[in-house]
Every structure is written in structure tokens, then in C-alpha cells.
Amino acid sequence: PDVVWNDTMNKWCMYMSVNGDAWNSSICLLTADSLDGDWTYVGTVIYSGFTEAEYGRDYTQTDFVKVTGETSLPDRYKRAAYQPKSYTDLTTWNTAIGGHAIDPCIIEDGGKLYMTYGSWSGGIYMIELDKSTGLRNYDRSYELKDNVSDPYMGIHLAGNSIGKGGEASYLRKVGDYYYLYVTLGGLVSTGGYNMRVFRSEKLEGPY
């Protein structure tokens, strides 16, 4: 999770990922008056791994329609049905495009609040948040542009496709540059797990 003080809400805000077994994850918001808690659930910030209803991860049960205005699930989020692990049900989530709603990082810039997130599915993305609620800014829209942005996932900052997308992004401004830290490599003894840093003169990249 990432915990930040929101001076508009006058609350501590905890952004926490809830991980599913086939990229069907979400990042939720909890708030508290003190870092010691108690923490109160506010709502879900973003979803991933959604499919059509027949595969049990129905996109209509998320805010996808509200965010994009699209009333059917676009082909860009789909691939042939597959079983990610031996104990999971079939899914059609397209890991080359769709981000993974885990590993949130919050940054404030120019009076606005943003969240980077993502993992091996689809790469690292960023969306703008609403400072008054701590949740997604539903007034901000993103165009569909290959390797740049997606109407639901937001701005594509780094990585692409399964195994090459990185994870656990961390974004901060130091001096004149924004620095994006991303972890790459395999999480096994011979996987070469490592952290890399990229920089940009603009928050939204390119990095």
C-alpha cells in the first residue's frame, strides 16, 4: 500500500491493492484521521482483469462503463480464453494491453493528485485522482493511443506485455526532473530481480 496525507479531505489515505488470481485485481482507498487508524473503506479506485460475464469477472461490475462510456467490452482487452494457473478458471484478459491494478504510488503535482500502478500485465500506468474524494477523477479522460494511453487504464508510462512490464512503480520529482523507479526481472533465484530508474521533464512522460 501507499499512504499519503490529503489536505483537501483532511484525512490520511491508504491506497491498497487486492490481488486476484488472474489479474482480476483492484486498488481500493481507505481513510483515517490518524496513521494508527482505525481505517475506513471508501471505495475502489481502479479494476483490472475484467472480462465478459461468461468468464466470471464481469466488466459491468466495475466502473469501466462509467469511465469510458463504452457499453460493450472492446476487443483490445480480450484474447483467446486461457487458464493462467492450474487452479484458476478461464479468462480472456489481454496481458499485452491491460494493466494490473496493484502496487499503487501516489504523487501530488501542481495541486493535483495522481496514482501510478501496474505490474507485469500491460506495464505501468497512471491516472489522475480527485483530491476531494481521493478516488479516480471521472472528469479526466484519456485517448486510445497505442503505447501512450488507454481510455480506462490511463497514461502508459513504461513497459508492455507479460513479463516485460515491470512492477512496483515509485514516482517522485527531484529538482527539474520526475524520476520513475520500476522493478524488473524475475522473482526467482536466477531471475535477476532489479530496480531501474527513468526520468522525464514532464510528469506524464515520456520517461
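## Charges over rings

R199 lies over the face of Y177, 3.8 Å from the ring centre. A charge counts as sitting over a ring if NZ of Lys or CZ of Arg is within 6 Å of the ring centre and within 35 degrees of the ring normal. K66 is likewise placed over the face of Y138, at 4.0 Å from the ring centre.

## Basis of the description

This is a predicted model, in which local features need pLDDT of at least 70 and side-chain atom pairs count only at pLDDT 80 or more, while totals for chains, interfaces and linings use all residues. Residues are numbered from 1 along each chain as its sequence is written, and side-chain values use heavy atoms, with hydrogens and water left out.

## Aromatic pairs

The whole structure holds 13 aromatic pairs. Rings of Phe, Tyr and Trp (its six-membered ring) pair if their centres lie within 6.5 Å; planes under 30 degrees apart count as stacked, over 60 as edge-to-face and the rest as tilted. F50 and W93 are edge-to-face, because their ring centres are 4.9 Å apart and their planes stand at 75°.

Both F50 and W93 are buried (under 20% relative accessible area, with exposed over 50% and partly exposed in between, for a 1.4 Å probe and protein chains only). Y77 and W93 form a stacked pair, with 6.0 Å from centre to centre and 10° between the planes. Y77 has a relative accessible area of 0%, and for W93 the value is 0%.

## The ring cluster

Ring pairs join F50, Y59, F64, Y77, W93 and Y152 into a cluster.
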